[in-house]
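Me: Please walk me through how the two parts of this chain sit against each other, taking the terms one at a time.

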Amino acid sequence: MKLDYQTLIHCGPSGAPDPQRAPLRSSWYEIDLDAIRHNFRQLRAHLPAAVRIFACLKRNGYGCGAGPVASALAAEGVDGFGVAALPDAVAIRHMGVELPILLYPGPLPSSADIIERLGLTVTISSLEELECWRAEMDSTRVFVKVDLGFYRSGAAPSAVGALLAAGHAYDDVNVEGLYAHLSELPSQTAFHVSEQRSRLQQILELANASGTRPPIAMVASTAGVLRYPEMDFDAVDPGALFIGVSETDHSTRPVALRPALKAISSSLVSIKRTDTSLGTAPDLPGYQQGMVIGVLSMGWGDGLPRQLPPCAEALVRGRRAPLLPPVHLEHLRIDLTDIPDACFGDQVLLLGQQGDQTITQHEVATWWSTDIVGLYGQLRDHVPRVYV
Ligand SMILES: *Cc1c(COP(=O)(O)O)cnc(C)c1O
């Protein structure tokens, strides 16, 4: 048989590897696109109709695949996207999605050629940045970024007027919007939010007066859109919300979100009953002589943490079995002593539902010493995603 390597690597309908069509790997993620569509509809239903939605799909759509997620949201009527890295913009355009894409700070003018060809909008935070982009592009679409008190990128409020005026004065520059990311520093309070809001309002008033107010003012990401409806302005750019993370216990908008990650699926690639010919059992929690050890086809190179607590579990044949740290690069042990019917090749879920047992994303995030967004951030691009 002659192998078509291109087909093997890029074989899914979306250009994403699909283990059902090319089983190159025995582990994969199951992504529930319906949940992502549901989360979008929830947000849309709670927002005034005039407020546009730019879906933030950074880090490959929070690990769920920027291309397929963008395509699903485009069909639902999303207005545009925000990404921080060019490969995510390429993945969206590769799906034939032509909606606006805002590049958050990240790409540089050395990538101007691909940025122009893909019709992307860049972020500028200073006059220097504006001139560097102009030098490399025939025409430059920009969003001006403002720092309202986050102390990250963005022009200081005092510098925004000059930046808007400069962009407005150039024929080769189109200032499409003005945006900010709300401060999520641990010290943030409702008072800080209202302070940030009045800073932005002052900027917009001055811009209105000078005729340089861009059509879009956008500040609210997930926490902002759920807690502070007064921060809606012309558009919002949440990201975590679409994967089902509400991040806040203080939602003003009662959205009911569903998790996008349905399963982290792995396989038993080896099973062995240990005996005395192996010498004494390792002096580690969970190891004992005579135990049955299974080996899974996933490790810390596939996004698992290097350290797992001894209480971490996975599902085999509908039952919970203890994982056996430490985690290795592409392998992880599991204690199968109480699952005598486990077989070579069995599917093992590190997250998801098997029979009447479910391992939730909250459990996994705790075992991985992170939160839900951190868990999605650990999803690796080389692990295939199956859309269910
Ligand atoms: C990450 C990010 C977002 C989305 O934040 P969430 O908390 O995931 O909703 C929006 N805007 C900018 C500029 C960001 O960096």
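Reply: Domain bounds here come from an automatic or database domain assignment. The model is a predicted one, in which local features need pLDDT of at least 70 and side-chain atom pairs count only at pLDDT 80 or more, while totals for chains, interfaces and linings use all residues. Residues are numbered from 1 along each chain as its sequence is written, and side-chain values use heavy atoms, with hydrogens and water left out.

Me: What distance separates the centres of domain 1 and domain 2?

Reply: The assignment places domain 1 at 33–243 and domain 2 at 261–387. Taken over C-alpha atoms, their centres are separated by 39 Å.

Me: How many residues of domain 2 are in contact with domain 1?

Reply: Contact means that heavy atoms lie within 4.5 Å. By that rule domain 1 brings 10 residues to the contact, and the number from domain 2 is 7.

Me: Which residues meet in a salt bridge?

Reply: A salt bridge needs a side-chain nitrogen of Lys or Arg within 4 Å of a carboxyl oxygen of Asp or Glu. The rule finds 1 across the interface of domain 1 and domain 2. At 2.8 Å from N to O, the side chains that meet in a salt bridge are those of Asp381 and Arg59.

Me: Which element gives the most to the side of domain 1 that touches domain 2?

Reply: Helices (H or I, at least four residues) are DSSP runs numbered from the N terminus. Two elements give two or more residues to this side, namely helix 11 (240–243) and helix 3 (58–62). With 3 residues, the element that gives the most is helix 3.
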